[in-house]
Amino acid sequence: MPPITPLLIAQVVLILVVFHALLLAAAAMVWIERRLAAALQQRSGPIRVGWQGLLQPFADVIKLMFKEELRPKAADAILFGLAPIISAACAFSAFAVVPFGGGTTLFGLLSEPMKLQVADVNVAVLVIFAIASMGVYGIVLAGWSSNSKYSLLGGLRSSAQMISYELSYGMALASVLLVGNSLSLTDIVNGQSGYWFHVIPKWFIVVQPLGFLIFMTAGVAETNRAPFDFPEAEQELVAGYHTEYSSMSFAMFFLAEYINMVTVSAVATDLFLGGWHGPLLPESLGWIWFLLKVLALLFFYVWMRWTLPRYRYDQLMAFGWKVLLPVSVVNLLVTAAGVLYFGA
Amino acid sequence: MTFFYLFGGIAVIASLLVIAQRNPIYSVLLLIASFGALSGLYVLLDAPFVAVTQIIVYAGAIMVLFLFVVMLLNAPHEDTEHDERVHPLRRPGPMRFGAVLAIALVVELLWALTRAGSAAGAFPEGAVISVRAIGKSLFTEYAFPFEVTSLLILVAMVGAVILAKREARP
């Protein structure tokens, strides 16, 4: 049992804060999505529940909690219950290695600065990738254990899509690692501090614009969001992997989806947009800049969903394998050549 | 030390259950759990890169493939044609051979475990730990096996594509 120091208490508090912040982020995403969709469609969206409809997500959660929890008789009980747990657990754990702020002493309460990152692993980027790979199992098992044709097909399609786009995701990640020269997210973010010519921030998006686009596209496909949400839209056409789920299990799948979106945006912010570095604010308040950048990316996510028509499944897979993967390989090669030639 | 027992225990129990229980989907999932425990053991051995790569490649990609195949081929529950009450060593034919082989392997395993104390303990000097060192040795000292492995994977991929290809219509 380690000694109870203020740092240990601060770490435990940090874990709790991150967990609850993710839950709140999912709730906030529900509200942002609905209001933004409404604005894009020139209607008002939820404005009645609480001020400007801010309590709408909480009303939705309460409604979902009161719904009946169903399980089809022929469904495999253990796996049926396990699948949403796997999805949600992977979504939450991926955020454990994402740094969201510089060192902070919590306004002088601590004697030494504490990093705003739950676990500073020096292979952080790979850990995120590993946990994203494990998230596929939640969907596959949900589809299979529901014991219904449509669920199975939806689950298999969705997981095939996720593993196909993981390749381009990884290659775009590898290109950034070449530029950032480290696997630790904190080091990569700290490599983006400072400015060129006092004006242009040294963010990696300037050096790797194509990599950023590939990363965001693959990230959208990984999280099954529009325009790559055919497995989800199958509900309108046929059915998806979460057909047989109701109440909190269903809520867990959507929680997992929103938190995956937040994680992809947070990782993209750390890798390409300079993390928590920004003008005017001191390092210890950098998490405000981080939040603003993540919100900007989430805005793009929602905007894309309600603007672009969705890809058909074969178009989606063809795009992933025949377009995005070769482009990401070429990006990696050009980046490697550039790093070799220019020195860093 | 307790973590070693925890991860080791999970790995052993999960691996035994892979072959001991009947539902093939559960077997795949228990194998994934076993790989997760192995990954934990790698972390305890101060090799975080190998641990994460194990999850990404083995548990995350190869086992998804296994799972797809098992699901799509609709593998049935294991049922033997033989009476469960008859001891495996007394069943005729391949069952008896399999049981004898299993006993031989267990004896060999026990022998190897009792000899474990006399083996070389710590890692040799110059052990490759950090990612930078792994990359360096992979591209200099072990470059040939690296390239051959990638060729092997390419052969497997091309083979899979050819085998799955439909006949061109005349």
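## Domains of chain B

The centres of domain 1 and domain 2 of chain B, taken over C-alpha atoms, are separated by 23 Å. Domain 1 of chain B covers residues 1-75. Domain 2 of chain B covers residues 129-170. The model is predicted, and confidence values for both chains follow below.

## Confidence

For the complex, the predictor gives an ipTM of 0.83 and a pTM of 0.85.

Chain A has a mean pLDDT of 85, and 94% of its residues reach 70 or more. Within chain A, confidence is highest in helix 8 (residues 209-222), at a mean of 92. Confidence is lowest in helix 9 (residues 230-237) of chain A, at a mean of 67. Where pLDDT is low, predicted coordinates should not be read in detail.

Chain B has a mean pLDDT of 82. In chain B, 79% of residues reach 70 or more. Helix 2 (residues 24-44) of chain B has the highest confidence, at a mean of 92. Helix 5 (residues 131-139) of chain B has the lowest, at 83.

## Overall form of chain A

Chain A contains 12 helices and 4 strands. Its C-alpha atoms fill a box of roughly 60 × 50 × 50 Å along the principal axes.

Chain A has a radius of gyration of 21 Å. A compact globule of 344 residues would have a value near 20 Å, so chain A agrees with that expectation.

## Helix 1 against helix 2 in chain A

Helix 1 (residues 6-40) and helix 2 (residues 56-66) of chain A cross at roughly 115°. Their axes come within 8 Å. The crossing is right-handed.

Helix 1 of chain A contributes Ala27(A), Val30(A), Trp31(A) and Arg34(A) to the contact. Helix 2 of chain A contributes Gln56(A), Pro57(A), Phe58(A) and Asp60(A). By class, this contact has 5 nonpolar, 1 polar and 2 charged residues.

## Interface between chains A and B

The contact between the chains takes 16 residues from chain A and 14 residues from chain B. On the side of chain A, helix 4 (124-145) and helix 5 (149-180) are the elements that give two or more residues. Helix 4 of chain A gives the most, with 9 residues.

What is the make-up, by class, of the side of chain A that touches chain B? That side has 13 nonpolar and 3 polar residues. It has no charged residues. By contrast, the contact of helix 1 with helix 2 inside chain A has 2 charged residues.

Definitions and conventions: Residues are numbered from 1 along each chain as its sequence is written. Chains are lettered from A and ligands numbered from 1 in the order in which they are written. This is a predicted model: local features need pLDDT of at least 70, side-chain atom pairs count only at pLDDT 80 or more; totals for chains, interfaces and linings use all residues. Axes are lines fitted to C-alpha atoms, for helices over the stretch in contact, and angles run from 0 to 180 degrees between N-to-C directions. A crossing is left-handed if the near helix is turned anticlockwise from the far one by less than a right angle, and right-handed if clockwise. Two residues are in contact if their C-beta atoms, placed from the backbone, lie within 7 Å. Ala, Val, Leu, Ile, Met, Phe, Trp, Tyr, Cys and Pro count as nonpolar, Asp, Glu, Lys and Arg as charged, and the others, Gly among them, as polar. Domain bounds come from an automatic or database domain assignment. pLDDT is the predictor's confidence in each residue, from 0 to 100. The radius of gyration is taken over C-alpha atoms; the globule rule is 2.2 Å times the number of residues to the power 0.38.
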